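Have the picture open while you read, and go through the points in order.

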Amino acid sequence: MIFIMEMTPHRVAIITGASSGIGKACAWQLARGGYDVVLAARNESAIQNIADKISTLGVNALAVPTDVTDPQDCRNLIEETLQVFHRIDVLINNAGISMRARLIDLDLEVLHRVMDVNFWGTVYCTKYALPHILSAHGSIVGMSSISGKHGLPGRTGYAASKFAMEGFLESLRIEHLEEDLHVLVACPGFTATKIRFAALDAQGKPQGESPREEHKMMTPEAVAKAVFWAIQHRRRDLILTSEGYGVAWLSKFFPGFVDRAIYRTMAKEPDAPFGESMPKEKIPTSD
Ligand code: NDP
(Lines give C-alpha, C1' and ligand atoms only; values in the text may rest on other atoms or scores of the structure.)
Protein backbone atom coordinates (compact mmCIF):
# COMPACT_ATOMS: atom_id res chain seq x y z
CA MET A 1 0.00 0.00 0.00
CA ILE A 2 1.23 3.47 -0.78
CA PHE A 3 -0.24 6.85 0.00
CA ILE A 4 0.35 9.26 -2.88
CA MET A 5 1.45 12.52 -1.32
CA GLU A 6 0.59 15.06 -3.97
CA MET A 7 -1.07 15.40 -7.34
CA THR A 8 1.82 17.09 -9.18
CA PRO A 9 3.36 14.18 -11.04
CA HIS A 10 7.00 13.55 -10.20
CA ARG A 11 9.12 11.67 -12.65
CA VAL A 12 9.18 7.97 -11.82
CA ALA A 13 12.16 5.61 -11.65
CA ILE A 14 12.17 1.84 -11.24
CA ILE A 15 15.31 0.33 -9.74
CA THR A 16 15.82 -3.44 -9.75
CA GLY A 17 18.08 -4.97 -7.13
CA ALA A 18 17.14 -2.12 -4.80
CA SER A 19 17.36 -4.14 -1.57
CA SER A 20 21.10 -3.51 -1.16
CA GLY A 21 24.33 -2.05 -2.52
CA ILE A 22 24.27 0.06 -5.66
CA GLY A 23 20.52 -0.37 -6.28
CA LYS A 24 19.61 0.84 -2.81
CA ALA A 25 21.95 3.83 -3.18
CA CYS A 26 20.41 4.63 -6.60
CA ALA A 27 16.93 4.58 -5.08
CA TRP A 28 18.01 7.11 -2.44
CA GLN A 29 19.85 9.24 -5.00
CA LEU A 30 16.92 9.42 -7.42
CA ALA A 31 14.53 10.19 -4.58
CA ARG A 32 16.80 13.03 -3.47
CA GLY A 33 16.70 14.22 -7.08
CA GLY A 34 12.90 14.47 -6.86
CA TYR A 35 11.86 11.18 -8.47
CA ASP A 36 9.17 8.90 -7.13
CA VAL A 37 10.91 5.56 -6.88
CA VAL A 38 9.86 1.94 -7.28
CA LEU A 39 12.10 -0.56 -5.53
CA ALA A 40 12.24 -4.11 -6.88
CA ALA A 41 14.07 -7.12 -5.44
CA ARG A 42 13.22 -10.48 -3.87
CA ASN A 43 13.79 -9.41 -0.26
CA GLU A 44 10.36 -7.93 0.46
CA SER A 45 11.04 -6.66 3.98
CA ALA A 46 14.30 -4.99 2.89
CA ILE A 47 12.73 -3.03 0.03
CA GLN A 48 9.66 -2.10 2.12
CA ASN A 49 11.93 -0.83 4.87
CA ILE A 50 13.99 1.26 2.43
CA ALA A 51 10.82 2.58 0.76
CA ASP A 52 9.41 3.66 4.15
CA LYS A 53 12.59 5.58 4.93
CA ILE A 54 12.80 7.15 1.46
CA SER A 55 9.19 8.39 1.81
CA THR A 56 10.36 10.72 4.57
CA LEU A 57 12.12 12.76 1.83
CA GLY A 58 8.71 13.87 0.55
CA VAL A 59 8.61 11.67 -2.56
CA ASN A 60 6.61 8.50 -3.07
CA ALA A 61 8.38 5.17 -2.77
CA LEU A 62 6.77 1.88 -3.72
CA ALA A 63 8.23 -1.57 -2.95
CA VAL A 64 7.31 -4.32 -5.41
CA PRO A 65 8.70 -7.77 -4.55
CA THR A 66 10.19 -9.04 -7.80
CA ASP A 67 12.31 -11.93 -8.94
CA VAL A 68 13.70 -10.62 -12.22
CA THR A 69 14.28 -14.15 -13.53
CA ASP A 70 10.49 -14.52 -13.71
CA PRO A 71 8.93 -12.68 -16.69
CA GLN A 72 5.55 -12.56 -14.92
CA ASP A 73 7.10 -10.83 -11.92
CA CYS A 74 8.73 -8.28 -14.24
CA ARG A 75 5.43 -7.66 -16.04
CA ASN A 76 3.75 -7.22 -12.65
CA LEU A 77 6.46 -4.74 -11.59
CA ILE A 78 5.68 -2.54 -14.57
CA GLU A 79 1.89 -2.88 -14.19
CA GLU A 80 1.95 -2.00 -10.48
CA THR A 81 4.13 1.01 -11.22
CA LEU A 82 1.67 2.23 -13.84
CA GLN A 83 -1.34 1.62 -11.60
CA VAL A 84 0.18 3.78 -8.87
CA PHE A 85 2.14 6.42 -10.78
CA HIS A 86 0.78 6.28 -14.39
CA ARG A 87 4.21 6.82 -15.95
CA ILE A 88 7.77 5.45 -16.08
CA ASP A 89 10.68 7.77 -16.84
CA VAL A 90 13.68 5.69 -15.82
CA LEU A 91 14.36 1.98 -15.52
CA ILE A 92 17.63 1.01 -13.86
CA ASN A 93 18.42 -2.62 -14.60
CA ASN A 94 20.69 -3.15 -11.65
CA ALA A 95 19.79 -6.57 -10.17
CA GLY A 96 22.84 -8.76 -10.52
CA ILE A 97 24.77 -11.70 -9.17
CA SER A 98 28.33 -12.84 -9.74
CA MET A 99 30.29 -16.10 -9.80
CA ARG A 100 33.90 -17.20 -9.35
CA ALA A 101 35.25 -20.45 -10.75
CA ARG A 102 36.90 -21.74 -13.90
CA LEU A 103 34.53 -23.02 -16.55
CA ILE A 104 36.28 -26.36 -16.46
CA ASP A 105 35.19 -26.83 -12.82
CA LEU A 106 31.81 -25.14 -13.09
CA ASP A 107 28.35 -26.67 -12.76
CA LEU A 108 26.60 -25.27 -15.85
CA GLU A 109 23.58 -24.37 -13.71
CA VAL A 110 25.69 -21.53 -12.27
CA LEU A 111 26.05 -20.00 -15.74
CA HIS A 112 22.30 -20.27 -16.27
CA ARG A 113 21.59 -18.56 -12.93
CA VAL A 114 23.93 -15.68 -13.67
CA MET A 115 22.50 -15.19 -17.17
CA ASP A 116 18.94 -15.44 -15.84
CA VAL A 117 19.41 -12.57 -13.38
CA ASN A 118 21.89 -10.31 -15.16
CA PHE A 119 20.82 -10.72 -18.77
CA TRP A 120 17.27 -12.09 -18.87
CA GLY A 121 16.20 -9.92 -15.92
CA THR A 122 17.28 -6.89 -17.94
CA VAL A 123 15.48 -8.16 -21.04
CA TYR A 124 12.16 -8.83 -19.25
CA CYS A 125 12.02 -5.53 -17.35
CA THR A 126 13.08 -3.54 -20.40
CA LYS A 127 10.60 -5.27 -22.71
CA TYR A 128 7.60 -4.50 -20.48
CA ALA A 129 8.70 -0.97 -19.56
CA LEU A 130 9.79 0.10 -23.06
CA PRO A 131 6.52 1.51 -24.51
CA HIS A 132 6.03 3.65 -21.39
CA ILE A 133 9.62 4.88 -21.33
CA LEU A 134 9.34 5.78 -25.01
CA SER A 135 6.19 7.83 -24.28
CA ALA A 136 8.05 9.65 -21.50
CA HIS A 137 11.23 10.17 -23.64
CA GLY A 138 12.90 8.49 -20.70
CA SER A 139 16.00 6.48 -19.87
CA ILE A 140 16.92 2.81 -19.70
CA VAL A 141 20.04 2.07 -17.69
CA GLY A 142 22.08 -1.14 -17.60
CA MET A 143 24.38 -1.65 -14.62
CA SER A 144 27.23 -3.34 -16.42
CA SER A 145 30.84 -3.74 -15.42
CA ILE A 146 34.26 -3.49 -16.91
CA SER A 147 33.80 -7.23 -17.52
CA GLY A 148 31.26 -6.14 -20.14
CA LYS A 149 34.18 -4.55 -22.05
CA HIS A 150 36.85 -7.25 -21.65
CA GLY A 151 36.57 -10.81 -20.32
CA LEU A 152 37.67 -11.76 -16.79
CA PRO A 153 39.19 -15.13 -15.88
CA GLY A 154 37.14 -17.06 -13.34
CA ARG A 155 34.09 -14.97 -14.25
CA THR A 156 33.05 -16.47 -17.61
CA GLY A 157 29.34 -16.37 -16.76
CA TYR A 158 29.48 -12.88 -15.26
CA ALA A 159 31.40 -11.41 -18.20
CA ALA A 160 29.12 -13.19 -20.68
CA SER A 161 26.05 -11.74 -18.95
CA LYS A 162 27.45 -8.20 -19.07
CA PHE A 163 28.58 -8.49 -22.71
CA ALA A 164 25.08 -9.79 -23.53
CA MET A 165 23.46 -6.93 -21.63
CA GLU A 166 25.59 -4.36 -23.41
CA GLY A 167 24.87 -5.83 -26.86
CA PHE A 168 21.16 -5.93 -26.07
CA LEU A 169 21.04 -2.33 -24.86
CA GLU A 170 23.22 -1.00 -27.67
CA SER A 171 20.95 -2.63 -30.27
CA LEU A 172 17.89 -1.23 -28.52
CA ARG A 173 19.39 2.26 -28.59
CA ILE A 174 19.90 2.02 -32.34
CA GLU A 175 16.42 0.53 -32.90
CA HIS A 176 14.89 3.66 -31.34
CA LEU A 177 17.43 6.17 -32.58
CA GLU A 178 14.77 8.50 -33.91
CA GLU A 179 12.52 8.31 -30.85
CA ASP A 180 14.66 10.06 -28.25
CA LEU A 181 15.19 6.92 -26.18
CA HIS A 182 18.09 7.40 -23.82
CA VAL A 183 20.10 4.23 -23.11
CA LEU A 184 22.92 4.40 -20.57
CA VAL A 185 25.42 1.64 -19.91
CA ALA A 186 27.11 2.24 -16.55
CA CYS A 187 30.31 0.47 -15.54
CA PRO A 188 31.19 0.95 -11.88
CA GLY A 189 34.61 -0.10 -10.68
CA PHE A 190 34.93 -2.49 -7.76
CA THR A 191 32.32 -1.25 -5.28
CA ALA A 192 31.96 -2.27 -1.65
CA THR A 193 28.71 -4.26 -1.61
CA LYS A 194 27.74 -7.82 -0.83
CA ILE A 195 28.13 -8.99 -4.44
CA ARG A 196 31.44 -10.82 -3.93
CA PHE A 197 30.23 -12.46 -0.69
CA ALA A 198 27.15 -13.74 -2.52
CA ALA A 199 29.07 -14.73 -5.69
CA LEU A 200 28.46 -18.34 -6.67
CA ASP A 201 31.26 -20.89 -6.50
CA ALA A 202 31.73 -23.80 -8.91
CA GLN A 203 28.85 -25.70 -7.29
CA GLY A 204 26.52 -22.69 -7.10
CA LYS A 205 27.00 -21.95 -3.40
CA PRO A 206 27.69 -18.37 -2.20
CA GLN A 207 31.45 -18.08 -1.69
CA GLY A 208 30.76 -16.24 1.61
CA GLU A 209 33.87 -14.08 1.58
CA SER A 210 35.44 -11.48 -0.64
CA PRO A 211 38.80 -12.14 -2.32
CA ARG A 212 39.44 -8.39 -2.54
CA GLU A 213 40.07 -5.50 -0.16
CA GLU A 214 36.54 -4.15 0.16
CA HIS A 215 37.55 -1.11 2.24
CA LYS A 216 39.59 0.24 -0.71
CA MET A 217 36.64 0.18 -3.11
CA MET A 218 34.18 2.81 -4.33
CA THR A 219 31.06 3.31 -2.25
CA PRO A 220 27.63 2.50 -3.69
CA GLU A 221 26.66 6.12 -2.96
CA ALA A 222 29.46 7.43 -5.22
CA VAL A 223 28.28 5.11 -8.00
CA ALA A 224 24.67 6.26 -7.54
CA LYS A 225 25.65 9.94 -7.73
CA ALA A 226 27.51 9.36 -11.00
CA VAL A 227 24.66 7.31 -12.46
CA PHE A 228 22.18 10.05 -11.57
CA TRP A 229 24.40 12.64 -13.26
CA ALA A 230 24.67 10.45 -16.36
CA ILE A 231 20.88 10.04 -16.50
CA GLN A 232 20.37 13.79 -16.23
CA HIS A 233 22.93 14.43 -18.97
CA ARG A 234 21.63 11.56 -21.12
CA ARG A 235 25.08 10.02 -21.43
CA ARG A 236 25.50 6.83 -23.40
CA ASP A 237 28.36 5.34 -21.36
CA LEU A 238 29.65 5.83 -17.87
CA ILE A 239 32.93 4.26 -16.81
CA LEU A 240 33.73 5.12 -13.25
CA THR A 241 37.42 4.35 -12.79
CA SER A 242 40.61 5.18 -14.62
CA GLU A 243 41.44 1.44 -14.71
CA GLY A 244 38.08 0.89 -16.38
CA TYR A 245 38.81 3.56 -18.99
CA GLY A 246 42.25 2.03 -19.54
CA VAL A 247 40.84 -1.45 -20.10
CA ALA A 248 38.04 -0.25 -22.39
CA TRP A 249 40.43 1.81 -24.54
CA LEU A 250 43.44 -0.52 -24.59
CA SER A 251 41.36 -3.60 -25.36
CA LYS A 252 40.33 -2.06 -28.68
CA PHE A 253 43.95 -1.73 -29.82
CA PHE A 254 46.06 -4.07 -27.66
CA PRO A 255 43.73 -6.88 -26.57
CA GLY A 256 46.53 -9.40 -25.97
CA PHE A 257 48.30 -7.00 -23.65
CA VAL A 258 45.06 -6.48 -21.70
CA ASP A 259 44.53 -10.27 -21.49
CA ARG A 260 47.91 -10.69 -19.83
CA ALA A 261 47.52 -7.69 -17.51
CA ILE A 262 44.11 -8.90 -16.33
CA TYR A 263 45.37 -12.45 -15.87
CA ARG A 264 48.30 -11.30 -13.73
CA THR A 265 46.10 -9.00 -11.62
CA MET A 266 43.29 -11.48 -11.03
CA ALA A 267 45.73 -14.34 -10.35
CA LYS A 268 46.90 -12.41 -7.28
CA GLU A 269 43.50 -12.75 -5.59
CA PRO A 270 43.62 -15.19 -2.66
CA ASP A 271 42.40 -18.63 -3.79
CA ALA A 272 42.24 -17.47 -7.42
CA PRO A 273 41.02 -20.45 -9.42
CA PHE A 274 43.99 -20.07 -11.83
CA GLY A 275 47.60 -18.91 -11.74
CA GLU A 276 49.95 -19.06 -8.75
CA SER A 277 47.31 -18.80 -6.02
CA MET A 278 45.31 -21.69 -7.47
CA PRO A 279 44.79 -24.34 -4.78
CA LYS A 280 47.23 -27.20 -5.50
CA GLU A 281 44.46 -29.80 -5.90
CA LYS A 282 43.16 -27.78 -8.89
CA ILE A 283 46.46 -27.90 -10.81
CA PRO A 284 46.15 -30.53 -13.55
CA THR A 285 48.74 -33.33 -13.32
CA SER A 286 49.81 -35.86 -15.94
CA ASP A 287 48.98 -38.84 -13.63
P1 NDP B 1 24.51 -6.52 -4.17
O2 NDP B 1 24.74 -7.99 -3.99
O3 NDP B 1 24.69 -5.63 -3.01
O4 NDP B 1 23.04 -6.26 -4.76
C5 NDP B 1 22.49 -7.10 -5.73
C6 NDP B 1 21.02 -6.79 -5.83
O7 NDP B 1 20.46 -7.63 -6.84
C8 NDP B 1 20.28 -7.08 -4.53
O9 NDP B 1 19.38 -6.03 -4.28
C10 NDP B 1 19.52 -8.36 -4.83
O11 NDP B 1 18.29 -8.36 -4.12
C12 NDP B 1 19.28 -8.20 -6.33
N13 NDP B 1 18.97 -9.47 -6.97
C14 NDP B 1 19.74 -10.60 -7.04
N15 NDP B 1 19.05 -11.58 -7.65
C16 NDP B 1 17.83 -11.06 -7.96
C17 NDP B 1 16.67 -11.59 -8.59
N18 NDP B 1 16.61 -12.85 -9.04
N19 NDP B 1 15.59 -10.78 -8.75
C20 NDP B 1 15.63 -9.49 -8.28
N21 NDP B 1 16.69 -8.94 -7.69
C22 NDP B 1 17.78 -9.73 -7.53
O23 NDP B 1 25.45 -6.12 -5.38
P24 NDP B 1 25.81 -4.73 -6.09
O25 NDP B 1 25.03 -3.63 -5.53
O26 NDP B 1 27.26 -4.66 -6.12
O27 NDP B 1 25.33 -5.07 -7.58
C28 NDP B 1 24.44 -4.27 -8.31
C29 NDP B 1 24.83 -4.31 -9.79
O30 NDP B 1 26.07 -3.64 -9.95
C31 NDP B 1 25.01 -5.72 -10.35
O32 NDP B 1 24.40 -5.78 -11.62
C33 NDP B 1 26.51 -5.86 -10.48
O34 NDP B 1 26.87 -6.74 -11.51
C35 NDP B 1 26.91 -4.42 -10.79
N36 NDP B 1 28.31 -4.13 -10.51
C37 NDP B 1 28.80 -4.26 -9.22
C38 NDP B 1 30.14 -4.01 -8.97
C39 NDP B 1 30.72 -4.17 -7.60
O40 NDP B 1 31.97 -4.23 -7.47
N41 NDP B 1 29.92 -4.23 -6.54
C42 NDP B 1 31.06 -3.59 -10.04
C43 NDP B 1 30.45 -3.49 -11.33
C44 NDP B 1 29.12 -3.75 -11.54
P45 NDP B 1 17.52 -9.64 -3.53
O46 NDP B 1 18.55 -10.61 -3.06
O47 NDP B 1 16.69 -9.04 -2.44
O48 NDP B 1 16.68 -10.16 -4.65
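**Notes on the sheet and its helices**

1. Let's start in the sheet: strand S1 (residues 12-16) and strand S2 (residues 36-41) run parallel and are joined by five bridges. Within that pairing, isoleucine 15 sits opposite leucine 39 of S2. Two strands count as paired if DSSP finds at least two bridges between them. The labels come from DSSP runs, numbered from the N terminus: helices are H or I with at least four residues, strands are E with at least two.

2. A word on what you're looking at: this is a predicted model, where local features need pLDDT of at least 70, side-chain atom pairs count only at pLDDT 80 or more, and totals for chains, interfaces and linings use all residues. Residues are numbered from 1 along each chain as its sequence is written, and side-chain values use heavy atoms, with hydrogens and water left out.

3. Now the whole sheet. Seven strands make up an open sheet with parallel pairing, in the order S3-S2-S1-S4-S5-S6-S7. The edges belong to strand S3 (61-65) and strand S7 (237-239); each has a single partner strand, so one side of each has no neighbour in the sheet. From one strand to the next, the twist averages 15 degrees. Helix H2 (residues 44-55) packs on this sheet and touches S2 and S3, its direction making about 175 degrees with that of S3. Helix H3 (residues 71-85) lies across S1, S2 and S3, at about 155 degrees to S3. For these values, axes are lines fitted to C-alpha atoms (for helices, over the stretch in contact), and angles run from 0 to 180 degrees between N-to-C directions. Contact means heavy atoms within 4.5 Å.

4. Next, H1 and H7. Helix H1 (residues 21-32) packs against helix H7 (residues 220-232) at an angle of about 50 degrees, and their axes are 8 Å apart. The two are therefore oblique to each other; the scheme is under 35 degrees for roughly parallel, over 145 for roughly antiparallel, 65 to 115 for roughly perpendicular, and oblique for the rest. Gly21, Ile22, Ala25, Cys26, Gln29 and Leu30 of H1 make the contact with Pro220, Glu221, Val223, Ala224, Lys225 and Phe228 of H7. By class, these residues are eight nonpolar, two polar and two charged. Here Ala, Val, Leu, Ile, Met, Phe, Trp, Tyr, Cys and Pro count as nonpolar, Asp, Glu, Lys and Arg as charged, and the others, Gly among them, as polar.

5. How do H3 and H4 pack? Their angle is about 30 degrees, with the axes 8 Å apart, and they are therefore roughly parallel to each other. On the H3 side the contact uses Pro71, Cys74, Arg75, Leu77, Ile78 and Leu82, and on the H4 side Tyr124, Cys125, Tyr128, Ala129 and His132.

6. The contact of H4 with H5 divides into 13 nonpolar, six polar and one charged.

7. Worth a look: the aromatic pairs, six by count. Rings of Phe, Tyr and Trp (its six-membered ring) pair if their centres lie within 6.5 Å; planes under 30 degrees apart are stacked, over 60 edge-to-face and the rest tilted. Phenylalanine 119 and phenylalanine 168 are an edge-to-face pair, 6.1 Å centre to centre with 85 degrees between the planes. Phenylalanine 119 lies in helix H4 (residues 108-135) and phenylalanine 168 in helix H5 (residues 156-175), so the pair ties together parts 49 residues apart in sequence.

8. Finally, a loop residue: serine 210 is in the loop between helix H6 (195-198) and H7. Leaving out residues up to four places away in sequence, serine 210 touches Arg196 and Phe197.
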